[in-house]
Amino acid sequence: MIERIGQIRAEAEAAICAAGTTAGLEELRVRYLGRKAELPNLLRGVAELDPQERGAVGRAANETRQALETLITDRGAQLELGELRERLAGDRVDVTLPATPPAPVGRLHLLTATRREIEDVFCGLGFTVVEGPEVEFVHYNFDALNHDPAHPARARTDTFYVEAPADPHGGEVLLRTHTSPMQIRAMEQQPPPIAIIVPGRVYRRDSDATHTPQFHQIEGLAVGEDVTLADLKGTLLAFAKAIFGDEREIRLRPHFFPFTEPSVEADVSCFMCADADAHAPRCPLCKGTGWLEILGSGMVDPNVLGAVREHGYDPERHQGFAFGLGVERIAMLKHAVPDLRLFYDNDLRFLRQFG
Ligand code: DAH
């Protein structure tokens, strides 16, 4: 009988080691250790054996059962691991694949794309992007920017005033008419040197083919101890080339702004007729002048620096330049958009042409 137990053990061990799947292994467990299997039967019959045989047979059968149980458990663990690996390999999900069906992503509005493009140019030149409030104090919008008390833009016919708690500076509250107030706010926050641009919405009481009550500007400000008009010109030239093409030139014309002295308007050489031929008179874009007005700028007026004197700006020591451009204007020039209102009509036939 001991011999038979040895045979069963050898046969079962060989079969268990050769099992290829957990299901196959389970069949072997039933075959060798199940209720109707030979070994358990044999164990159950041990009591009826001769007393001399009983001890040795019982021990051999028990040992064999334990050995087979352990073997099955170990082999089972191995097989499960292998099967798990196979399942994982088969089910592998690439989370970077696009969803199906692809989600519609739309596109950037031309004004957003233009703003970002301009931001990229100035970031590349070392400027930082800051933003400010659209509801603003008269102090920041006009007073600290050296506007005459009688400046026409202060009129209620030109500017949206809002009812709001009193300004700590004692003035009224309005929707900012330009992004220039952030010149003052930024200088209050950061001592010189400073180089910032300020994108954002601005508001004016105007509405026709070339004016909307709300539009977008980007303000620029660079102040230090030795920032000159030449730096302004170089900066504007780099901007013009990046946006309108490497062949562009710029031209500065004298102008007036309350917060710059001297003030200039900057023109970029017309990219529509310049390349084609010298027949500028027919050019629909520059009307034959060869130049396109792109922005206002100038050297920061000492009075503006004086308004932030207590924040480290000394008009005797510091100087710099500022500029302000209209995002709509740049986008219209660059993409030959004929009517400002197209930006706000949300007509997909227009919007889909860009981006
Ligand atoms: N704030 C002016 C406007 O809205 C634009 C402007 C002109 C900004 C000259 C400037 C500047 O910083 O120097 O018309």
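In which sense do strands S9 and S10 pair, and over how many bridges? This is a predicted model, in which local features need pLDDT of at least 70 and side-chain atom pairs count only at pLDDT 80 or more, while totals for chains, interfaces and linings use all residues. Residues are numbered from 1 along each chain as its sequence is written, and side-chain values use heavy atoms, with hydrogens and water left out.

**View 1. Strand S10 and its partner S9.** The answer is antiparallel, with five bridges between S9 (residues 291–300) and S10. Here Leu295 sits opposite Leu325 of S10. Strands (E, at least two residues) and helices (H or I, at least four) are DSSP runs, numbered from the N terminus; two strands pair if DSSP finds at least two bridges between them.

**View 2. S10 with strand S6.** S6 (residues 214–224) also runs antiparallel to S10, joined by eight bridges. Gln217 has Gly326 as its bridge partner in S10. As for cover, six of the eight residues in S10 (319–326) are buried (under 20% relative accessible area, 1.4 Å probe, protein chains only).

**View 3. The largest nonpolar core.** Such a core is a set of buried Ala, Val, Leu, Ile, Met, Phe, Trp, Tyr and Cys residues joined through side-chain atoms within 4.5 Å. Elements supplying at least two residues each include S6, S9, S10 and helix H8 (229–244). H8 gives the largest share, six residues.

**View 4. Around Phe343.** Neighbours within four places in sequence aside, Phe343 is in contact (heavy atoms within 4.5 Å) with His109, Leu110, Leu111, Glu328, Ala331, Met332, Val337 and Phe350.

Methods:
Buried < 20%, exposed > 50% of the residue type's maximum accessible area, 1.4 Å probe, protein only.
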